[in-house]
Amino acid sequence: MIQTSGVIICLGYIFGLLFTVVPWGGVWILVLGIVGAIFFRRRTTSQQLAQKLENAGSKNKAVPNTWQTTPHPRIWLAAGLVGLLATLYFQWRVPQPGAKDISQFVPPGNSSNQEQLVIVRGEVASNPRLTRNQRGQFWLEATQLDEVKNEKGSTGVPKGVTGKLYVTVPILQATGLYPSQQIAVTGILYKPKAASNPGGFDFQKFLKQEGTFAGLIGRQINVLDQERKWGWWQIRERIVRSQVRWLGIPEGPLVSAMVLGSKAVDLPYDIRDLFVQAGLAHALAASGFQTSLILSVILQLTRRAKKGTQFTLGFLALIIFLSLTGFQPAVLRAVIMGFAALIGLLLKRKVKQFGSLLLAATLLLVFNPLWIWDLGFQLSFLATLGLVVTVPALVNRLAWLPPAIAALITVPLAATIWTLPVQLFVFGVVPSYSLLLNVVSTPLISIISIGGIISALVALIWNEAGSFLAGVLHYPTDWLIKLVEFFSKLPGNSIAVGSISTWQLLAIYVLIILVWLVPWWQRRWWFANVIAIVLVFIPLWHSTNTLFRITVLESGTEPIVVVQDKGTVTVINSGDEGTGRFTILPFLQQQGVNQINWAIATDFQGNESNAWLELLQRLPIKSFSEYSPKPENFLATQAIQQELQKYQGAYQPLAVGQTVETGSIVAQLINEQLPILRLQILDQNWLLVGNIKSKEIQKLVKNGSLPHPQVLWCAPQSLKDLVIALKPEVAIASSANFDPKVLSELNQSQTKLFFTGRDGAIQWTPDGQFEAFIEAAENKSSIL
């Protein structure tokens, strides 16, 4: 369907978008095009000469002009120019807030905890969804902004605004909202934050990809327009309600997600997380499987009809499916490839799958070049590429197996080969049983998907009948959930290898492409596998056994310290459940940590630390020490001990004065009433001090109870008094905003100040200085 020259042009465009992360990437892609033109010009000339000599010797014998299949040098030059234009086009399409964008009206430095009420009017742009914090979330197209001047609710002069807002409200406030509805939301405007910790979620980047630059924490919603305008969301809602009616939760939303995609269905987070951790996230994404199934059914039912009729019905079915799923990149890719298959059917021509895939990717990236960095688009494209180019080779090697069994193995294996490097680059985790689970679960996924599509179609005509058909899927869906739960609870269900670097990612894909295209490598595929494994695990092994680094994570009010000491990992404090799940675990996974050697809980804030249970469910802890556990926390402590027994971990309650020695660290709680933890790390003295009053600080200093540390972590309320009294070389506080007068006074001292709320995580190695994560990330971005 797409000629060799077209393939090169399309690849030039795609590589041009990829080169946007490289300084002067457009120039480099143009240089590569020029080099390709020169190289193939010489090759073409030599081939032409050889062809002439061969033709002269053959006389009457016809000789094929094989040299003409080599792309003309102009094609390579054109591909380089297209790549250069792609980088410029990408920069032009990067979302930027307009002059009247609502983000422009957020005061500088405003954060989500600043109490400045506003009223934003606009149109609901999505169905409400439930967040992990049990709040309703939706997108709002803002049209008007009013600032609330006083507590009575009087407002200033309304301002006309534009832009899209990420809105969260109490769940009851969001109930009943629907797209195109006109509402007014009272709440607090804020600008999203970038990732504050290594491996953390970059909320700012996520919103920017959606063309959004501000968020709104809503308190109250006033509906301005009760008129219900028709939209595809109504059909989607009818299908979901029909399937949930007899299946219940979570089976109902799961079936709907497998038909319409998880982005179009409010799937419970525990089910979503379960499938992602087990390596079955693709089962929740509507894409190629559903598209192929729809086309197969349409063509089978109309096999006696004319080609034009088949094309029309297939085209309409794909358009309806695309509209229901919400125009997701993965579905768009699958639908475009489906259109290519229909065109081939109409013209009675065989469609080259690789060409149609490349054409689909190029068209989508012309429509929205920012999708080149969308993880869903990347994984969908790579998985499909694996099915197109790798499955046939794998089927040939497994020809000794029955075809059905060979297909069950080769399809997930091919997709895994092409997507695993990206997963390692982004997440740094390998689901150990993913391939086996995919093989075992494929029959169930097929049954549920086929039944879900049938029940959805019937529900559009007769709601009760659709519910009845969905109810038939109860047992297969329940079995699938239990199967995924079983695999997720197996020992070593995931292995953290650490996020691989860009050069490792590129090297692995070069090996995969060599095995795909070069016969010599095809015969030595096992050698390529060995090299790929070495590329991943040797750097990890070297880093694990040589790295000594201390990281103070940005976690709010509690000091969370992670010490990596040549393979020995110590975690001090854990915060709440959210901190454990979204701060500590992502950081440890990025670093390739598969177990915590020693955990130390100090209970600085006097609250129950729920994050230890969250960590224990994902990582084994060999030794757990808790200073002065309070009687009211006994149940939590008992739960921790029960989890520790699963991994034969030791629990050790400690009193004031007792020490914990782990690797190069000695930890000791030095006060019974006040939260003060002393750490001796190599030749440095660290002091972690909770929120204590100024009089108590002076008393401790006079008594000599507070040692003079090189590094101090403290609550922001105590920072000034402690810095003046102890004169540390480095002081770290958790606040993002600080009194300018106090800050000016502290800057006159010799102490170097860091604020995790402003600077993000703080890291230190013996050979380097203290480094702020946000500043380092900004420097890296500015270089790129």
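Trainee: In which sense do strand E17 and strand E18 pair, and over how many bridges?

Mentor: In this predicted model, strand E17 (residues 665–669) and strand E18 (residues 676–681) pair in the antiparallel sense, over 5 bridges. Strands count as paired if at least two bridges are found between them, and with 5 bridges E17 and E18 therefore qualify as a pair. Within this pairing, leucine 669 stands opposite leucine 677 in E18.

Trainee: What makes strand E16 and strand E22 the edge strands?

Mentor: The open sheet has 7 strands in the order E16-E17-E18-E19-E20-E21-E22, with mixed pairing. Strand E16 (659–662) and strand E22 (752–755) are its edge strands, as each pairs on one side only, and the twist from one strand to the next averages 15°.

Trainee: Why is threonine 410 called buried?

Mentor: Buried means under 20% relative accessible area, and threonine 410 is called buried because its value is 0%. Threonine 410 is found in helix H15 (residues 403–426), and, leaving aside neighbours within four places in sequence, threonine 410 is in contact with Val391, Leu394, Val395 and Leu398.

Trainee: What kind of peptide bond joins isoleucine 249 and proline 250?

Mentor: That bond is cis, with omega about 10°, and proline 250 is found in the loop between helix H6 (232–247) and helix H7 (251–260).

Definitions and conventions:
Residues are numbered from 1 along each chain as its sequence is written. This is a predicted model: local features need pLDDT of at least 70, side-chain atom pairs count only at pLDDT 80 or more; totals for chains, interfaces and linings use all residues. Side-chain values use heavy atoms; hydrogens and water are left out. Helices (H or I, at least four residues) and strands (E, at least two) are DSSP runs, numbered from the N terminus. Buried means under 20% relative accessible area, exposed over 50%, partly exposed in between (1.4 Å probe, protein chains only). Contact means heavy atoms within 4.5 Å. Axes are lines fitted to C-alpha atoms, for helices over the stretch in contact, and angles run from 0 to 180 degrees between N-to-C directions.
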